[in-house]
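This briefing sets out selected features of one protein model, grouped by topic. Please read it alongside the sequence and coordinates shown here.

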Amino acid sequence: MIRLLVGLGNPGPEYEATRHNAGFWWIDALARQWGVTLHPERAYHGLAARPTRHGHTVWLLEPQTYMNLSGKSVGALARFFKIAPAEILIVHDELDLPPGQAKLKQGGSAAGHNGLKDIQAQLGSADFWRLRLGIGHPGDRAEVAAYVLRRAPEAERRALEESIQRSLAAVESLLSGDMGRAVSLVHARPERPKPPRPAHLAAPGTPAARPAAAPPADAAPAP
């Protein structure tokens, strides 16, 4: 059962729309859905909200320590409220997934993500859950640092926002501890829109129009 939901990003208006802040976008979307507001919590070095869902207290957290020190915020809150790593969901940007895809898993390596590295070091465990929001890869490892701190083009941003909305469907399963269902909901592929029906085809239940009769072969041409 998840008790703490954390979105990773960097504070400040200059970073607000950058790819690295995808985790913040997810928490913001969930807060809007629940009708709650995050407030500064100095003791936990972040913006936080503490709503009650189905009789249980849940924390929403956006560390304000900058990405590389995310664990300072997560660790402080988790230790105080005795929240185990397996009860924590970390939402973050993922280079190895294209925009529009999201994956949910427990544990694993940080794969070069500095926010995850610091959280793992502060918790002393990699057993937390991760919701990985695809942002795509620049194609050159040397360009990654600049890439994640740039704004995504409109089409990529729209795809990422759509994946955020779809993944929110798994939140209630995460809170109830039905992790298998949560994984299935996140990994489900969105339905493809059906192509428009060709105009020359009749609608179901409507008799097809008969073709016009050809004129007799010896008919005189119209004047």
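A residue is called buried when its relative accessible area is under 20% and exposed when that area is over 50%. By this criterion aspartate 118, with a relative accessible area of 15%, is buried. The model is predicted, with a mean pLDDT of 90 for the protein.

**Confidence**

- A pLDDT of 70 or more is reached by 85% of the residues.
- Residues 217–223 have a pLDDT below 50, and beyond near neighbours in sequence this stretch makes zero contacts in the model.
- Where pLDDT is low, the predicted coordinates should not be read in detail.

- Helix 2 spans residues 70–80 and is largely enclosed by the rest of the structure, because eight of its eleven residues are buried.
- The buried residues are Ser70, Gly71, Ser73, Val74, Gly75, Ala76, Leu77 and Ala78.
- Their packing partners are strand 1 (4–7), strand 3 (46–49), strand 6 (59–63), strand 7 and helix 3.
- Lysine 82, which follows helix 2, has a positive phi near 55 degrees.

**Aspartate 118**

- Aspartate 118 belongs to helix 3.
- Leaving aside residues up to four places away in sequence, aspartate 118 touches Asn68, Leu69, Ser70, Gly71 and Lys72.
- Aspartate 118 and lysine 72 are separated by 46 residues in sequence, while their C-alpha atoms lie 7.7 Å apart.
- The backbone nitrogen of lysine 72 is reached by the side chain of aspartate 118 at 3.5 Å.

**Arginine 132**

- Arginine 132 lies in strand 9 and has a relative accessibility of 17%, so it counts as buried.
- The side chain of arginine 132 forms a polar contact of 3.0 Å with the side chain of glutamate 94.
- Apart from residues up to four places away in sequence, arginine 132 touches His92, Glu94, Leu97, Gln101, Ala102, Lys103 and Lys105.

**Largest pocket**

- The volume of the largest pocket is about 600 Å³.
- Its lining comprises 28 residues, and those nearest the pocket centre are Leu95, Gly112, His113, Asn114 and Val144.
- Two or more lining residues come from each of strand 7 (88–94), helix 3 (114–123), strand 9 (129–134) and helix 4 (144–148).
- By residue class, the pocket lining holds eleven nonpolar, ten polar and seven charged residues.

**Largest cavity**

- There is one cavity of 30 Å³ or more in the structure, and the volume of the largest cavity is about 30 Å³.
- The lining of the largest cavity is formed by Arg19, Pro99, Gly134, Ile135, Ala152, Glu156 and Leu160.
- Four of these lining residues are nonpolar, one is polar and two are charged.

**Positive phi in loops**

- Most residues other than glycine have a negative phi.
- Histidine 54, which is not a glycine, has a positive phi of about 55 degrees.
- Histidine 54 sits in the loop between strand 4 (52–53) and strand 5 (56–57), and with a relative accessible area of 63% histidine 54 is exposed.
- Alanine 111 likewise has a positive phi, near 50 degrees.
- Alanine 111 is placed in the loop between strand 8 (102–106) and helix 3, and its relative accessible area of 61% makes alanine 111 exposed.

Methods:
Residues numbered from 1 in each chain as written. Predicted model: local features only at pLDDT ≥ 70, side-chain atom pairs only at ≥ 80, totals over all residues. Heavy atoms only, no water. pLDDT = per-residue confidence, 0-100. Contact = heavy atoms within 4.5 Å. 1 Å grid on protein atoms, 1.4 Å probe; cavity = no way out; pocket = protein on both sides within 12 Å on 5 of 7 lines; lining within 4 Å. Points joined across faces, edges and corners; volume = space filled by probe spheres on them. Helix = DSSP H or I, 4+ residues; strand = E, 2+ residues; numbered from the N terminus. Nonpolar A, V, L, I, M, F, W, Y, C, P; charged D, E, K, R; others polar. Buried < 20%, exposed > 50% of the residue type's maximum accessible area, 1.4 Å probe, protein only. Polar contact = N/O pair within 3.5 Å; in protein donor to acceptor, adjacent residues only side chain to side chain.
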